[in-house]
Protein chains: 4
Amino acid sequence: MVVGRRGSSISSLRRIAARVFSSYSAPIHGIHVFQCPDVVGIVAKLSECIASRGGNIHSIDVFVPGNKQVFYSRSEFVFDPVRWPRDVLDSDFLRLSRLFSAEKSIVRVPDVDPKYKIAVLASKQDHCLVDLLHRWQEGRLPVEISCVISNHNRSPNTHVIRFLERHGIPYHYLPTTSGNKREQEVLELVEQTDFLVLARYMQILSGKFLETYGKDVINIHHGLLPSFKGGNPSKQAFDAGVKLIGATSHFVTEELDAGAIIEQMVERVSHRDTLQSFVMKSENLEKQCLAQAIKSYCELRVLPYESKKTVVF
Amino acid sequence: MVVGRRGSSISSLRRIAARVFSSYSAPIHGIHVFQCPDVVGIVAKLSECIASRGGNIHSIDVFVPGNKQVFYSRSEFVFDPVRWPRDVLDSDFLRLSRLFSAEKSIVRVPDVDPKYKIAVLASKQDHCLVDLLHRWQEGRLPVEISCVISNHNRSPNTHVIRFLERHGIPYHYLPTTSGNKREQEVLELVEQTDFLVLARYMQILSGKFLETYGKDVINIHHGLLPSFKGGNPSKQAFDAGVKLIGATSHFVTEELDAGAIIEQMVERVSHRDTLQSFVMKSENLEKQCLAQAIKSYCELRVLPYESKKTVVF
Amino acid sequence: MVVGRRGSSISSLRRIAARVFSSYSAPIHGIHVFQCPDVVGIVAKLSECIASRGGNIHSIDVFVPGNKQVFYSRSEFVFDPVRWPRDVLDSDFLRLSRLFSAEKSIVRVPDVDPKYKIAVLASKQDHCLVDLLHRWQEGRLPVEISCVISNHNRSPNTHVIRFLERHGIPYHYLPTTSGNKREQEVLELVEQTDFLVLARYMQILSGKFLETYGKDVINIHHGLLPSFKGGNPSKQAFDAGVKLIGATSHFVTEELDAGAIIEQMVERVSHRDTLQSFVMKSENLEKQCLAQAIKSYCELRVLPYESKKTVVF
Amino acid sequence: MVVGRRGSSISSLRRIAARVFSSYSAPIHGIHVFQCPDVVGIVAKLSECIASRGGNIHSIDVFVPGNKQVFYSRSEFVFDPVRWPRDVLDSDFLRLSRLFSAEKSIVRVPDVDPKYKIAVLASKQDHCLVDLLHRWQEGRLPVEISCVISNHNRSPNTHVIRFLERHGIPYHYLPTTSGNKREQEVLELVEQTDFLVLARYMQILSGKFLETYGKDVINIHHGLLPSFKGGNPSKQAFDAGVKLIGATSHFVTEELDAGAIIEQMVERVSHRDTLQSFVMKSENLEKQCLAQAIKSYCELRVLPYESKKTVVF
């Protein structure tokens, strides 16, 4: 059960926020996602709870897969934080979570809650990392980048390093060898993060790493999974003579390139495309696909579903 | 207010269906759409109503446009017709409709309700008409085609005429002149229909016709509205040197090609395309675009919104 | 070398056509494709040959893959059949073919040459077969369908059987068993065809069959190859939780679903899609993808390239 | 006639290049575009010319619009600059140009010729400008940016200004008023450029400006022309209730948003999209669409065709 999973680490901030709210009453925006065994009346109870506090539902997505007896929902609502203070809101949803034996119940108030903290892991290829930094700078990626970790060295004079310095984002160079993946050091650096982003990190994270970290890790693969797993998928696709190439963002699991898919994008190629143009077109897809996955994740749109699927509301 | 708008004409059928239900209790599928002034608690009341009768919501879409104080929803739910007979279901939703001063409240039980009756109006061009007939024959268009009306004569030996004869669908040839649009005769032929489909009907329906008919009319326009209104949009697009052509399905209003848009599709063109290939690509789009609009409409996914927009859940 | 590969069987027809031409001189349209080792001056010789006979090149596509020393071209030209009779045309291109040691040199004059003869092989699923028949009927598929062969029985009352009867196309029901694939009978039925189309034929053709037939066989696979080879690719894709599904038309080789890809198409899916909607979306893609491949093939746009690729001009 | 239109200004550079070539003989890449009245034998002469100097054609695109008696071609070839020095190459093509009374004959040797010099004009909106700068920095835009001109002031601390300073690209702030468009100053600043890029420049360039400048000006319009000309096209599209929005890059003519279209891109929108999300989706399209147009233009793929069209090879 992942009820209020970000709870303890940020409860004090929330208390402060609650106090700040008390001083005014402009309506703010809340998001709630819920996963529980399917029974009659869940939507009724959720919406009654929100309405009873004066909250107004602006959208609600419900998904009940056929013959699976599972219920997923995502609600967006507008509420008055004076009338419905955060601690009351949290305990209201906790009560519902218990009532329906929820496996997951997460609430976010984006205007008030701290942004998700992420770390970005990269290797030599820059394009996804640079794209994430630019989107973040333009305010289009609702995250706080706590650090960038790379197993590839960069000169202080590169665009990435200068950008990170200017914005005060630490850069950690951790060269890996086949004998030393530096996983322990990575774990220490990312301890405070909410999730990890692998922006073309050319290392396989061990099951032990994933278990210890315990939170989600999002990867971008430059192929249309489940085709072209593993190394050099652009070369694999080129040799296979495909007419469409793609990119896939997915959750990382111990098994290589086999975690649940979040987003996929494609583009046409022809006999005129070279391996080099496959790579360039792929890079363009990877950037968009990874950014879209992160954005959806931060907006609580992505829920794991069965062992290898995702609900993306 | 359009509450139960198809009510009286099919109430007897529904009574029969209700009686049929009584003999077993396999759960069936219901759809409810609702439009009313936005207040707190609508979703709560709707879902509580469904749950109180043992109905289980499988999906619910809510749309509350910013600063508009209007609420739209579409719910799909599974229920036991013995436990929740149709007359009780209807009166339950009628009560909610009154409670929230709904402008629209429609319920359908697709497995039991009669299919929507449509008439298809066409001129010389066959492609949309033929496509609709094929989709209908393959069971992919949930409608009953009460008749086909054309202002273009067809020999009895054509595919269309033979198809219609084989399936017992009447074909009415009503040649129009600038002085006589035959609107009165069309009105009489389509009186029993639930909505009309203009499958490349090259006549403008008068405001009087639309008012007298009083139900929805869906048109396919072979251009990307609001570009290329009026005659020969493919030629207009060809002359404008566009690199993308499109098709638009929309509701018909008195003003030519200006009704609310339901669906639009596009395809790339290049300098190598001729006017003829513009037309061929367009026809392919028109078929898909019109079929999609009709399908969405029959599934109660399309709601008019403001004067010129649609919600398409 | 496949120079003039359709030659002997239709040479008499061509002689008749040549004589017909002699009586008038409206310019007609020719297509020439060429594959040979790359050297300097091929385009010059080809275009000089066409120009010397008064032919006017309307388009020419050249492809010389990097570091491969192979040259591919496809030319479209307009010529006067009186000034350049077909036998002279053929011998002109044969001379060039010898000059450059061409592996392939095919010329077609679509307005005059007999249409490509095909046989369509199908099993139980009808959608691709029906779609091909409709396109053929509408004049959008430039082939002659010599027969339809199926290992699934159809009642005389079905749309397919009635359609075939009405158009005088033979239908052969050849039930297969694991022990008897009926390949010998198929071979006899298709002997006069120019290529075969597998429209969801659920049998693997043996290497011996392919070798004996000796001409091209085009298949449609309902998955995005090289993902999801073999049986039930829609189920495979559904279980893999993909966000994009696709269809692939390709040449058939002895190895299952591994021949060179001609065309691929995709469509988005989401968690709301069921296995059934995967299948329906896939069927829509399959129809378009197969028809596109056949059309491109007939227009001499498709050339095998390396062992597993195609040039699609 | 625009034969060798960049000739005089860079002839000295070419002479230097020619001398550099003499010292080695690695084969290099040439591009030639040609426009002339259509007659028999143009491809033959062009390809014979290239072959006679040992050049090897790698691709050739020919376009002869139906019933227009115009011929357009674009050839890519590999040649040995020792065997075919630039001055000979130029005079060879000049001879052909005269032979066929060509309206246009341009040759480029991208590895050797100076990059096209452009100036970018922008207003307040940064997204297209920033995107161009990033692509340029990553080596994906084969141009030299001679300066950026803006009628909107930027603080020295902004990303744009810092970027330009770091790369030594002059930034000119020229505030415009309804009485003073500063066109004379712009003209002086852009005199040495090969073409201009309007990256959301919110000023209409006068016919006099365009005539005096005399070279091409490429604009990005945030609407799917010819729909939504003029101001605030995103608002226009939003109000029209469209289901697809687009962006258009086109040549600038005196008539607002009416020049020949080079590239168009679209994206789906729904009732859930707000004016703000229309703008965000549009900005993403604008960036890609403008960059694509510039790239095609620099590769000599874009040729004006009739009064309002383009050939884009």
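Which residue of chain A comes closest to the rotation axis? Keep in mind that this is a predicted model. The residue to look for is S227(A), whose C-alpha sits 2.4 Å from the axis. As for the axis itself, turning chain A by 180 degrees, with 0.0 Å of shift along the axis, superposes it on chain C at an RMSD of 0.0 Å. That's the relation of a two-fold axis. The interface residues tell a matching story: 100% of those in chain A are also interface residues in chain C, so the copies meet through the same surface.

Now move over to chains D and B. Here 30 residues of chain D touch 31 residues of chain B. The size of an interface is often quoted as the accessible area lost when the parts come together. For chain D and chain B, that comes to about 2500 Å², with carbon and sulfur atoms giving 54% of it. On the chain D side, K243(D), H271(D) and K309(D) lose the most area to chain B, and together they make up 25% of what that side buries.

What about the polar side of things? Between chain D and chain B there are 15 residue pairs in polar contact, and the interface has 4 salt bridges. One of the salt bridges joins D61(B) to R272(D), with the closest N and O atoms 3.5 Å apart.

To trace the chain D face, look at strand 2 (56-63), helix 8 (233-240), strand 11 (261-268) and strand 13 (309-312), each of which supplies at least two of the residues touching chain B. Strand 11 has the largest share, with 7 residues. By type, this side of chain D splits into 17 nonpolar, 5 polar and 8 charged residues.

Methods
Residues are numbered from 1 along each chain as its sequence is written. Chains are lettered from A and ligands numbered from 1 in the order in which they are written. This is a predicted model: local features need pLDDT of at least 70, side-chain atom pairs count only at pLDDT 80 or more; totals for chains, interfaces and linings use all residues. Side-chain values use heavy atoms; hydrogens and water are left out. Contact means heavy atoms within 4.5 Å. Buried area is the accessible area (1.4 Å probe) that two parts lose on being put together, summed over both. A salt bridge is a side-chain nitrogen of Lys or Arg within 4 Å of a carboxyl oxygen of Asp or Glu. A polar contact is a pair of N or O atoms within 3.5 Å; within protein, one must be able to donate a hydrogen and the other to accept it, and residues adjacent in sequence count only if both atoms are side-chain atoms. Helices (H or I, at least four residues) and strands (E, at least two) are DSSP runs, numbered from the N terminus. Ala, Val, Leu, Ile, Met, Phe, Trp, Tyr, Cys and Pro count as nonpolar, Asp, Glu, Lys and Arg as charged, and the others, Gly among them, as polar. Copies are superposed by least squares on the C-alpha atoms of residues with pLDDT of at least 70 in both.
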